Amino acid sequence: FRSALARPQSLPLFCPWLIKPFRDPFDMAVSEAGKAPIYRKLLGAANVSGGLPVAAFFGVCACRVYANATAALESLSAYDPCWYNSSELERCNRGGHHVPVEKTNLTRDQFDWLLRNASYADAATPHL
């Protein structure tokens, strides 16, 4: 599936967002439906279509954060209202507002890498 991405070099700037739970059902709906075209453009995945594009394709296939779409959607829909106007991802992660490592398909080192890259992800892709 990663071969479907024209710009896989953007993954380190994008994948850290996939451990931040949606804020509420509206955030989930906007992310899953409305932001999918933006994500596809960012990563050069124009040939990716429907379903749960963010949780399923990006969370499972592209970033490999979750084992399957069910695990991704379940983890991301454990709603957490953390939000900041700037440095949102880094600040929320620092406060413990992220998906627990046990809910992901990542090793502790891989998970910590996503946490460390939050500042870069915030700067490159604010409010994804």
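Reader: First one, then. Is D27 buried or exposed?

Author: This is a predicted model, so keep that in mind. D27 counts as buried, because its relative accessibility is 9% and the cut-off for buried is under 20%.

Reader: Which residue forms a salt bridge with D27?

Author: R23 does. The closest N and O atoms are 3.7 Å apart. R23 is partly exposed, at 27% relative accessible area.

Reader: Which residues are linked with that pair in a network?

Author: K20 and E88. Together with R23 and D27 they form a network of salt bridges.

Reader: How far apart are the closest N and O atoms of K20 and E88?

Author: They are 3.2 Å apart, and the two residues form a salt bridge. K20 sits in the loop between α1 and α2, while E88 is in helix α6, so the pair ties together parts 68 residues apart in sequence.

Reader: Buried or exposed, those two?

Author: Buried. K20 has a relative accessible area of 7%. E88 has 3%.

Reader: How many salt bridges in the whole structure?

Author: A search finds 5. One of them joins the side chains of E90 and R94, at 3.9 Å from N to O. Both residues lie in helix α6, 4 residues apart, about one turn of the helix. E90 is partly exposed at 29%, whereas R94 is exposed at 63%.

Reader: Now D122. Where is it?

Author: In helix α8, residues 118–124. D122 counts as buried, with 9% relative accessibility.

Reader: What is the nearest side chain of opposite charge to D122?

Author: R94, at 7.4 Å. D122 has no salt bridge. That follows because a salt bridge needs the nitrogen within 4 Å of a carboxyl oxygen.

Reader: What does the D122 side chain reach, then?

Author: The backbone nitrogen of E88, at 3.5 Å. Setting aside neighbours within four places in sequence, D122 is in contact with W17, S87, E88, L89 and E90.

Reader: Changing topic. How many helices and strands?

Author: There are 8 helices and 0 strands. Of the 128 residues, 44% count as buried. The protein exposes about 6,500 Å², with carbon and sulfur atoms supplying 57% of that area.

Reader: What share of contacts join residues at least 24 apart?

Author: 69%, among contacts between residues at least 6 apart in sequence.

Reader: Which residues touch the most other members in the largest nonpolar core?

Author: F14, F58 and V65, out of 27 residues in that core. Helices α1, α3, α4, α5 and α7 each supply at least two residues. The largest share, 7 residues, comes from α4.

Reader: Take A55 in α4. What does it touch?

Author: E32, V60, A72, L73 and L76, not counting residues up to four places away in sequence. A55 is buried, with 0% relative accessible area.

Reader: Last one, T104. Where does it lie?

Author: In the loop between α6 and α7. T104 counts as buried, at 13% relative accessibility.

Reader: Which backbone atoms does its side chain reach?

Author: The T104 side chain reaches the backbone oxygen of V101 at 2.8 Å. It also reaches the backbone nitrogen of L106 at 3.2 Å. Leaving aside neighbours within four places in sequence, T104 is in contact with V65, Y66, V99 and F111.

Technical notes: Residues numbered from 1 in each chain as written. Predicted model: local features only at pLDDT ≥ 70, side-chain atom pairs only at ≥ 80, totals over all residues. Heavy atoms only, no water. Buried < 20%, exposed > 50% of the residue type's maximum accessible area, 1.4 Å probe, protein only. Lys, Arg positive; Asp, Glu negative; His and termini not counted. Polar contact = N/O pair within 3.5 Å; in protein donor to acceptor, adjacent residues only side chain to side chain. Contact = heavy atoms within 4.5 Å. Areas by Shrake-Rupley, 256 points an atom, 1.4 Å probe, with all protein chains shown as cover. Core = buried A, V, L, I, M, F, W, Y, C linked by side-chain atoms within 4.5 Å.
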